[in-house]
Amino acid sequence: MCKGLSSLPSSCLERAKGMRVKLTHLAERQDWTHHKHKAQDNQIIHDLDSLLSSKTGLQAFRWFLCSEFSNENLEFWLACEDYRVSPSHLLRAKASSIYSKFVSPNSSHEVNLDAETREALLGVIDSPSVDTFKDAQQRIYSLMASDSFPRFLRSPHFMEVIKA
């Protein structure tokens, strides 16, 4: 007879939990890839990248995040995109502005970054390069892709994007 989950070693349970999360995420992605939607600006929205490159999609995503009081991740990501293409003589000022607005503890629009990423930024903020925020931007992008974007897909804001 089955003794239940308590008879399994804890390492097996941890692996099973991890596999469940990965399979759930994969199933959501698989389901999403079969349902591509066209935005009002005739761009097909099939993932976060296509949403962010669609003017209509980006606007609706911003409204959605504002309605949830969680638009700081998108604003940080957009500020990093602008920073990457800025002339080198503006990098120091823009890096300082991004850091104080989004990264500094207790800042007005603080984003959810781990301590390691925060410390790495603090170490290079005085001598910025175009890649200064690359890792932090990628972490925030991943957070949006796994958290905000799936919620957006289930929202009325998304329905506005795909209306003809």
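Biologist: Why is Phe152 called buried?

Modeller: Buried means under 20% relative accessible area, exposed means over 50%, and partly exposed lies in between (1.4 Å probe, protein chains only). Phe152 has a relative accessible area of 0%, so Phe152 is buried.

Biologist: Before we go on, what kind of model is this?

Modeller: It is a predicted model: local features need pLDDT of at least 70, side-chain atom pairs count only at pLDDT 80 or more, and totals for chains, interfaces and linings use all residues. Residues are numbered from 1 along each chain as its sequence is written, and side-chain values use heavy atoms, with hydrogens and water left out.

Biologist: How many aromatic pairs does a search of the whole structure find?

Modeller: Seven.

Biologist: What makes Phe61 and Phe152 an edge-to-face pair?

Modeller: Rings of Phe, Tyr and Trp (its six-membered ring) pair if their centres lie within 6.5 Å. Planes under 30 degrees apart count as stacked, over 60 as edge-to-face, and the rest as tilted. The centres of Phe61 and Phe152 are 5.2 Å apart and their planes stand at 70 degrees, so the pair is edge-to-face.

Biologist: Why does this pair tie together parts that are apart in sequence?

Modeller: Phe61 lies in helix α3 (residues 55–67) and Phe152 in helix α7, so the pair ties together parts 91 residues apart in sequence. Helices (H or I, at least four residues) and strands (E, at least two) are DSSP runs, numbered from the N terminus.

Biologist: Is Phe61 buried or exposed?

Modeller: Buried, at 0% relative accessibility.

Biologist: What kind of aromatic pair do Trp77 and Tyr141 form?

Modeller: A tilted one: 6.4 Å centre to centre, with 40 degrees between the planes. Trp77 sits in helix α4 (residues 72–84) and Tyr141 in helix α7, 64 residues apart. Trp77 and Tyr141 are both buried.

Biologist: What does Phe61 contact, leaving aside neighbours within four places in sequence?

Modeller: Contact means heavy atoms within 4.5 Å. The contacts of Phe61 include Leu48, Leu74, Met144 and Ser148.

Biologist: How do you know that Ser148 is buried?

Modeller: The relative accessible area of Ser148 is 4%, so Ser148 counts as buried. Ser148 belongs to helix α7. Beyond neighbours within four places in sequence, Ser148 is in contact with Phe61, Phe64, Leu65 and Leu143.

Biologist: Where does helix α7 bend?

Modeller: Helix α7 (residues 134–153) bends by about 40 degrees at Met144. The bend is the angle between axes fitted to the seven residues ending there and the seven starting there.

Biologist: Which residues of the largest nonpolar core touch the most other members?

Modeller: A nonpolar core is a set of buried Ala, Val, Leu, Ile, Met, Phe, Trp, Tyr and Cys residues joined through side-chain atoms within 4.5 Å. Of its 18 residues, Leu48, Leu51, Leu52, Phe61, Leu74 and Phe152 touch the most other members. At least two residues of this core come from each of α2 (48–53), α3, α4, α7 and α8 (156–162). Another core, of 17 residues, lies apart from it and includes Cys80, Leu91, Phe133 and Ile140.

Biologist: Which residues of helix α6 are buried?

Modeller: In helix α6 (residues 115–124), Thr117, Arg118 and Leu121 are buried.

Biologist: Why are they said to be on the same side of α6?

Modeller: They cover an arc of only 100 degrees around the axis, which puts them on the same side of α6. The arc is that of the directions from the helix axis to the C-beta atoms. The face turned away from the buried side carries the exposed residues Ala115, Glu116, Glu119 and Gly123.

Biologist: What makes a polar contact between the side chains of Thr132 and Tyr83?

Modeller: A polar contact is a pair of N or O atoms within 3.5 Å. Within protein, one must be able to donate a hydrogen and the other to accept it, and residues adjacent in sequence count only if both atoms are side-chain atoms. The side chains of Thr132 and Tyr83 make such a contact at 3.4 Å. Thr132 is found in the loop between α6 and α7. Its relative accessible area is 10%, so Thr132 is buried.

Biologist: Why is Phe69 called exposed?

Modeller: Phe69 has a relative accessible area of 76%, so Phe69 is exposed. Phe69 is found in the loop between α3 and α4.
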